[in-house]
Amino acid sequence: PIQVKKICCIGAGYVGGPTCAVIAAKCPHIEVTIVDLNKARIDAWNSDHLPIYEPGLDEVVKGARGKNLFFSTDVDKAIAEADLIFVSVNTPTKKSGIGAGFAADLNYLQLATRRIAEVSTSSKIVVEKSTVPCRTADAMRTILEANSKEGCKFDILSNPEFLAEGTAIADLFAPDRVLIGSLQTQSGLDACQALMSVYANWVPKERILTVGLWSSELSKLAANAMLAQRISSVNALSAICEATGASIDEVAYAVGRDSRVGPKFLKASVGFGGSCFQKDILNLVYLSESLHLPEVARYWRAVVEMNEHQKDRFARKVVDTLFNTITGKKIAMLGWAFKKDTGDTRESPAISIANHFLSEKARITCYDPQVTSEQMWLDLTDYGSIPAEPIKPHFSVCQSAEEACANAEAIVICTEWDEFKELNWEKIYENCPRPAFVFDGRLMLDRKRLQKIGFTVVTIGTGDRL
Ligand code: NAD
Ligand code: UDX
């Protein structure tokens with residue numbers, strides 16, 4: 001059997017960093033080097049301020065760094081030395097060209113693959129960790145074979161990552177499953193065994209699933225599409241609840257108690273965000289269309305459309321409730337990240353909501369415990385493509401929830417940070433003009449308590465026909 005002694009991970013992002021840091025922590029006999037072209041990111045991984053916030057990550061990195069875990073910009077050296085290479089680069093939605101707005105941009109993946117072929121002087125196991133369209137491994141194999149040196153053999157595995165941000169370390173320590181896809185050839189099965197033996201250092205064998213390469217690639221898109229579909233379904237029902245007097249939390253509780261449905265991922269919200277759900281569903285839509293399956297494409301596209309509708313519906317509800325205008329009004333936004341316990345803001349519903357409020361010329365004060373003001377401005381200006389000057393008088397970043405809420409005509413919860421439950425809501429109420437409104441986009445606050453204080457509370461999925 002192939003013994004994995006050195007691992008290289010290309011891409012030191014939200015996936016590559018935590019996954020390979022955990023491999024290093026759990027496999028002291030394996031040397032793990034995580035590389036990236038982005039020097040600032042690598043410098044941060046080597047510092048006391050890691051580039052991403054994730055509960056438990058600091059301990060894992062500090063425990064292994066400098067022993068068997070290294071972060072470097074020397075991509076070529078790490079590739080050349082490794083027996084097994086994870087490719088964990090970004091695969092965003094294409095912005096232009098064929099498939100723009102739907103298909104995955106595989107440029108980063110292909111550049112990394114080409115580099116592997118060019119630099120390798122020995123055989124490698126190449127592992128797709130990035131989320132990719134079904135049959136990407138075929139393209140990788142063509143690139144590797146066309147550019148490789150004599151005597152170098154490449155086996156490609158698919159090993160999609162199922163961690164969720166905010167719980168990445170817990171998810172990696174105790175995954176529901178690890179999925180490995182390989183070609184069903186002897187060489188493919190041997191490579192699969194080698195990767196299995198890495199995970200077997202801490203993951204029980206029955207949780208390591210081995211399947212064909214294409215099933216593995218498609219399973220990742222399928223898993224995200226199914227999870228997002230639950231949220232869009234519950235959000236669609238939340239609109240019916242608001243109109244009827246039913247309560248979405250009660251409906252979700254009742255439905256989720258059916259063991260065939262299960263209780264998780266049924267929380268109504270202001271809409272799902274994050275770098276994966278929308279991108280991966282659009283990818284699936286594109287795949288379906290390319291396969292001449294327009295009805296299938298339409299079905300999955302509706303999951304994303306419902307999500308857009310939910311964000312828009314919530315923002316409109318704020319405006320409607322504030323007597324149809326928020327022009328010049330101060331609105332406090334609590335939370336900017338796409339979920340709690342992360343500083344990641346990619347596709348965060350807060351961004352869409354803020355844009356809606358800005359188009360109505362409101363004045364926003366925003367607080368998030370983990371997102372920097374630089375990041376909020378990058379999001380608001382779409383990374384510099386929208387001028388910041390006109391927005392400046394309308395958006396300010398605060399250092400605490402209390403500061404953001406002072407004198408606000410409405411308080412809008414966009415992210416379910418635990419600390420928002422513990423706020424001194426009595427004191428906040430004293431500093432708000434009347435009537436004082438709280439819009440709970442995450443169904444996280446004690447509605448009755450806030451109403452008792454004097455707030456008018458508007459919650460997703462709860463009508464006022466109680
Ligand atoms: P990310 O943008 O945080 O990290 C990717 C990193 O790869 C960047 O730092 C970039 O500089 C680097 N990179 C790009 N091309 C490179 C190259 N040729 N050589 C070296 N470095 C290169 O992205 P992420 O969130 O870590 O996602 C990575 C992949 O994992 C994506 O395909 C994504 O869909 C998938 N995924 C993400 C999550 C998640 O929760 N974020 C979960 C599961 C799967
Ligand atoms: C997701 C998948 O869960 C994970 O398996 C995959 O590897 C990457 O994509 P992530 O995007 O990090 O993970 O977070 P997740 O917990 O799935 O939340 C995504 C979005 O859905 C968040 O905006 C969250 O607030 C929202 N959500 C989640 C709901 O609105 N309701 C729910 O019940 C659950």
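1. The phi of Asn-407 is near 65 degrees, a positive value in a residue other than glycine.

2. A word on the source before going on. This is a predicted model, in which local features need pLDDT of at least 70 and side-chain atom pairs count only at pLDDT 80 or more, while totals for chains, interfaces and linings use all residues. Residues are numbered from 1 along each chain as its sequence is written, and chains are lettered from A and ligands numbered from 1 in the order in which they are written.

3. Two other backbone spots deserve a look. Asn-324 has a phi near 70 degrees, positive although the residue is not glycine, and lies in the loop between helix H12 (294-321) and strand S9 (330-334). Asn-324 is exposed, with 8 other C-beta atoms within 10 Å. A cis peptide bond, with omega about -10 degrees, joins Arg-434 and Pro-435; Pro-435 belongs to the loop between helix H16 (425-430) and strand S13 (437-440). For context, most residues other than glycine have a negative phi, and most peptide bonds are trans.

4. Now the whole protein, which has 17 helices and 14 strands. Its radius of gyration is 24 Å, close to the 23 Å that the globule rule gives for 466 residues, so the protein is as compact as a globular protein of that length. (The radius is taken over C-alpha atoms, and the rule is 2.2 Å times the number of residues to the power 0.38.) Along the principal axes, the C-alpha atoms fill a box of roughly 75 × 45 × 45 Å. Of the 466 residues, 46% count as buried.

5. What are the neighbours of S5? Strand S4 (residues 84-87) runs parallel to S5 and is joined to it by 4 bridges; two strands pair if DSSP finds at least two bridges between them. The bridge partner of Val-87 in S5 is Glu-128. Strand S6 (residues 154-158) is also parallel to S5, with 5 bridges between them, and Val-127 has Leu-157 as its bridge partner in S6.

6. S4, helix H5 (residues 107-119) and S5 make a right-handed β-α-β unit. From S5 the chain crosses through helix H6 (residues 136-147) to S6, and this β-α-β crossover is right-handed. (Right-handed means that, with the strands pointing away from the viewer, the path from the first strand over the helix to the second runs clockwise.)

7. Finally, the domains: the assignment, automatic or from a database, gives domain 1 (6-203) and domain 2 (228-459). Their centres, taken over C-alpha atoms, are separated by 33 Å.

How values were computed: Buried ≥ 20, exposed ≤ 12 C-beta atoms within 10 Å, placed from the backbone.
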